[in-house]
Amino acid sequence: MSTLSIDTSTLPAHGAGADCRSCRTAAVCALAPGAGAGGQLPARRLRVARGEALFCPGEPVADRCFVVHYGVVKYSLPTVNGQHKVIDFAMSGDVLGLAALGFRRHQGSAVALVDSEVCEVHSSALNGAPLLLYGLLSEQIAREQLIAHGLRHRSAAQRLALFLLDLSQRFQRRGYSAHRFRLSMSRQDIASFLALSAECLSRELSGLRAAGLAEVSEREVVLRDLGGLYLMVSDTGPPCLQSAPVDGHSSCTSSGAACRRPTDWAAIT
Amino acid sequence: MADTKPLTGGVQERRGSTAQCTDCPARARCPPWQQAGPSGGLAPVRRALPRGEHLCKAGESVRHIVHMVQSGELKTYRLSADGRQSVEGFRRSGDVLGLGTLNRSQYRHSTVALTDCVLCEFSYPALLAAAMQRPAIAAWLNERLMNEIAQAQSANLLLCHPGAVQRLASYLVQSAAERYAATGSGDALELVMTRNDLGDYLGLAAETVSRTLNRFQASGYLRIQKNRLHICDHAGLQAAAAGLPALGA
């Protein structure tokens with residue numbers, strides 16, 4: 001993981017700034033409401049090549065946060081045993097490092113999964129729009145709580161379904177297909193995000209394919225039956241593939257019990 | 001707020017009287033509301049919430065109130081249609097409730113008092129308005145919102161541990177650290193929640209929680225006296241949290 005390099009040659013011409021008025025991400029940009037009367041947020045566009053880190057644990061926060069212009073960036077936190085847990089994936093318009101503004105140094109890392117561009121925003125720009133900042137922080141609290149909620153007492157199959165539905169909704173909101181999309185994250189990243197072992201994840205992927213719900217080959221995802229996936233994670237759905245209570249990684253066992261959990265991450269958008 | 005009652009006397013009498021704050025154990029973590037001045041509308045209302053009563057229930061309209069916990073302990077949770085519980089977290093003295101409801105119309109979670117609680121109620125809109133005027137209140141709000149995110153993320157981190165031993169040990173290490181920060185000693189922990197609630201927070205069965213606690217006791221990490229845990233071996237517990245194979249079978 002190398003640190004950020006800034007390729008100024010290809011940046012927009014007007015200083016190092018990014019033009020919000022002509023930005024194609026503006027419709028989904030979390031910070032767009034913060035653009036002032038001129039329709040312009042004081043931001044600097046940075047390129048982050050695939051595999052590069054936007055920030056690493058221990059680096060100074062320097063009162064900066066980022067919003068993804070395009071690409072996908074994974075945010076992870078170190079665990080007590082020296083590994084990393086993927087906390088979330090940020091897509092175009094999503095903010096990164098917002099919660100770090102309260103700290104001197106970054107606790108987590110943000111690594112680009114594909115060649116990406118981000119806008120760097122100084123906290124002073126956000127302090128000028130406090131309601132936006134509080135709203136974003138409040139939203140993030142809700143999302144983190146939902147993600148943790150999704151990991152409690154959920155079968156591996158349900159977690160995977162929630163993950164695919166969440167992505168589906170996020171792609172749709174960005175004007176892409178809700179049924180067909182490409183994963184930017186590796187199996188390992190997905191397994192970490194869902195707190196599953198790699199073997200368990202691949203078993204569940206086969207399970208979804210066998211049930212005719214979703215096909216994931218390499219990075220290409222085709223959701224064959226969105227309704228069926230929602231039923232898997234819904235409160236009132238019929239019996240689904242697997243829904244044994246989860247006690248850690250080990251539980252990939254199948255049981256006939258019905259899934260009765262609400263759609264969580266999927267309901268967040 | 002049908003579930004809460006003013007502690008004693010009228011609300012007006014309680015409102016804005018600073019005398020009651022001087023001995024408040026949570027005052028160091030309270031918003032500097034006095035700075036907003038008497039016309040700021042930020043003076044809190046102190047309320048008692050008896051054990052077992054709800055502060056809010058999932059599905060209810062959001063009341064745009066932020067609560068500071070002065071004393072007692074609460075749990076926030078969600079229920080699925082079959083009555084299965086997922087506990088989002090436990091809140092104690094100095095914790096804030098309701099910060100995540102800013103742009104919501106309905107509560108997504110329920111909050112119930114596990115013990116008799118005393119809470120201070122702040123209007124969220126008044127808090128936001130005051131934050132625009134007073135940098136100290138803005139700083140408080142920023143810090144608490146970010147702290148809330150960190151807390152939710154640490155729950156997420158707990159859940160990534162593969163086994164019950166690591167999850168429970170990590171939780172105890174975390175709680176002891178919080179306790180140490182609050183009181184200067186992290187040796188004794190009061191587990192006022194049931195084993196069931198703790199299991200529903202950690203994504204474990206209640207029996208697994210009890211069994212693992214007994215294992216910790218047998219290994220000499222802690223002593224269990226009803227709801228009180230005395231941690232005897234912090235290093236051992238930390239090793240267990242890190243997944244080191246120190247725990248005797």
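I join grid points across faces, edges and corners, and a volume is the space filled by probe spheres set on the points. This is a predicted model, in which local features need pLDDT of at least 70 and side-chain atom pairs count only at pLDDT 80 or more, while totals for chains, interfaces and linings use all residues. Side-chain values use heavy atoms, without hydrogens and water, residues are numbered from 1 along each chain as its sequence is written, and chains are lettered from A and ligands numbered from 1 in the order in which they are written.

Searching the whole structure, I found 3 cavities of 30 Å³ or more. The largest cavity has a volume of about 270 Å³, and of the 26 residues that line it, Gly98(B), Leu99(B), Gly100(B), Thr101(B) and His109(B) are the closest to its centre. I noted that α2(A) gives the most to this lining, with 3 residues (helices are DSSP runs of H or I, at least four residues, and strands are runs of E, at least two, numbered from the N terminus).

**Entry 2, the interface.** I then looked up the contact (heavy atoms within 4.5 Å), which takes 45 residues from chain A and 48 residues from chain B. The area buried between chain A and chain B, meaning the accessible area (1.4 Å probe) lost on putting the two together and summed over both, is about 4,100 Å², with carbon and sulfur atoms giving 60%. In chain A, Tyr134(A), Arg152(A) and His153(A) lose the most area to chain B, together 19% of what that side buries.

For salt bridges I required a side-chain nitrogen of Lys or Arg within 4 Å of a carboxyl oxygen of Asp or Glu, and the interface holds 1. Arg104(B) and Glu139(A) form a salt bridge through their side chains at 3.7 Å, N to O. On the side of chain A that touches chain B, α2(A) gives the most, with 18 residues.

With a pocket taken as an open set with protein on both sides within 12 Å along at least five of seven lines, I recorded about 840 Å³ for the second largest pocket. Its lining counts 42 residues, and Glu139(A) is among those nearest its centre, along with Asp94(A), Val95(A), Gln140(A) and Arg143(A). The largest share of that lining, 8 residues, comes from α2(A).

Notes:
On a 1 Å grid over the protein atoms alone, a cavity is a set of points where a 1.4 Å probe fits but cannot get out, and a pocket is an open set with protein on both sides within 12 Å along at least five of seven lines; lining residues have an atom within 4 Å of a point.
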